[in-house]
Amino acid sequence: MAGIMRERFVDVSTQLLDTHDRLAVLTADLTSALFDGARERHPDRVLNFGIREQLLISAAGGLALAGMRPIAHSFAPFLIERPFEQIKLDLNHQAVGAVLVSAGASYDISSSGRTHQSPGDVALLSTLPDWTIDVPGHADEAEAQLREAADGDGLVYLRLSNQSNAHAHGIADGRLHRGFRTLRQGTAAVVIAVGPLADAVLAATEGLDVTVLYAATVRPFDAVALRAAVADQREPAVVLVEPYLAGTSVPEVADALGDLSHRVLGLGVGRDELRNYGSPRQHAIAHGLDSAGLRRAVVGFLGQK
Amino acid sequence: MTTATFEDLHDLMSTMAGDEKHREAATSTLDALWVLYDRVLRVTPEMAEDRDRFFLSKGHGPMAYYAVLAARGFIDPAELRRFGAFRSPLGMHPDRALVPGVEISSGSLGHGLPLAVGTALGLRARGIPSDVWVLIGDGELDEGSNHEAIAYAGRVGLERLHVIVVDNHSASHGWPGGMEKRFEVEGWSAVRANGRDHDELEAAFRAPHPGAPRLVVADTGVR
């Protein structure tokens, strides 16, 4: 399954370039070669800037100012963290839209070490207004989200990963479900599983009396669905399971449940730098994001009153 | 007030009071801005889609810019009196969402030129034959983001892109051999002009530069 979302991104973007004459795909060398065919057909709209990520984002802003719909792509640390001021000023502050599509996620490229890991990207973007942040858990979801983003004019971050669920939980009746979907119902707590961690969460909560919600989009945060799910619980208790920095969406839960006494546990990638290489699976275990680690955390949380 | 003359700009600028600390920066750009808006740019307050674009990257000291926009009918000259006030659209750094005629919001240095590269690419992709102009400061040229843009724009021959560097000789470590050398090595057409001489500036702005983006260093003589 490795890289399947990124391959889908290339295939779908290439198709969309043929039908959307305002669409442009921007790269900074990474993945650029996979767009060679598209570049031959659309040399003015498939643009590779070389290893220049600040320019990648600024040029996306400039293209949007000229009435284009830019899709900019790189690995997450180089797309979000390195040019963050360009995102803040050349997209948000200019009041223009763009689609940023990352690959690599938190530790897909674990063997490359810290330089290629980006657990903080969603937290960083969450400091800015107006972003739709999509965290697909399956290539079919990523495709639907990309098609929707290409048709729109807002600010969209599409966070692709090599990790994937077996099924597209976010697709219902052949269509992308935008809000949280209920995967399991219970009464002791609400567990929100974000993107590719859904299958691990379902395995971890097997036999537990909890509701499991699935989120392939975390901004805007579906406060309405969360409140409805909490209303069915014996007490307002929420566990967030996010495939990036632990606690990133805890403020959203606090806002959604601000008028209720509630408990919340934010699970995700730890803040400490591991300085380990190895596989993504090993990193998931180290951060407690495998099904056994998640079950220990959820059971422990349920046992606290 | 579109019949305003260069002499009128001083009255317009003097209406902007406050503790603006970049007055020298503002006056150093006045001549280049006026020549652009009076003689070169194809832009009117109607902001037609095929207008030329002007990006003030050096957002510091925008008084000259506001005065020129007022003189050319983009903003009400009466608005200048409220410069810097809480509810005024005219701040210490221009905001495109607040000020008619302002193409980019600027202030943090090193953003205008990379944005302009994108806009020049976008206009080209749409088949709109507009020129894109950016004004930056010689100190601002220190920002690394500019050098990503300079290298790329030169290599791909973005000939509708024009950069004016207002040279107040303020860059802390200078530019050995002149800024022109830095741009030329990347494939730009480059020239230095007297930043106070309107005819010389106009000639530099209008000179052909086929297949290459263009740099005009407007030397103010300030040191």
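Leaving aside its neighbours within four places in sequence, which residues is A:Ser110 in contact with? Contact here means heavy atoms within 4.5 Å. The residues are A:Gln117, A:Asn276, A:Tyr277, A:Gly278, A:Ser279, A:Pro280 and A:His283.

Before going on, some housekeeping. This is a predicted model, where local features need pLDDT of at least 70 and side-chain atom pairs count only at pLDDT 80 or more, while totals for chains, interfaces and linings use all residues. Residues are numbered from 1 along each chain as its sequence is written, chains are lettered from A and ligands numbered from 1 in the order in which they are written, and side-chain values use heavy atoms, with hydrogens and water left out.

Back to A:Ser110. A:Ser110 sits in the loop between strand S4 (98–103) and helix H6 (121–125) of chain A; helices (H or I, at least four residues) and strands (E, at least two) are DSSP runs, numbered from the N terminus. Its C-alpha atom is 5.5 Å from that of A:Tyr277, although 167 residues separate the two along the chain. The side chain of A:Ser110 also reaches the backbone oxygen of A:Gly278, at 2.7 Å.

Is A:Ser110 buried or exposed? Its relative accessibility is 1%, so A:Ser110 counts as buried. The cut-offs are under 20% relative accessible area for buried, over 50% for exposed, and partly exposed in between (1.4 Å probe, protein chains only).

Side chains of opposite charge can pair when their charged atoms come close. A:Arg8 lies in helix H1 (residues 4–19) and A:Asp140 in helix H7 (residues 139–151) of chain A, 132 residues apart. A:Glu143 forms a salt bridge with A:Arg8 as well, at 2.6 Å between the closest N and O atoms. A:Glu143 is in helix H7 and A:Arg8 in helix H1 of chain A, so this pair ties together parts 135 residues apart in sequence.

Last, the two chains. The contact takes 27 residues from chain A and 25 residues from chain B. How many salt bridges are counted between chain B and chain A? The count is one. The side chains of B:Arg124 and A:Asp44 meet in a salt bridge, at 3.4 Å from N to O.

Terms used. A salt bridge is a side-chain nitrogen of Lys or Arg within 4 Å of a carboxyl oxygen of Asp or Glu. A polar contact is a pair of N or O atoms within 3.5 Å; within protein, one must be able to donate a hydrogen and the other to accept it, and residues adjacent in sequence count only if both atoms are side-chain atoms.
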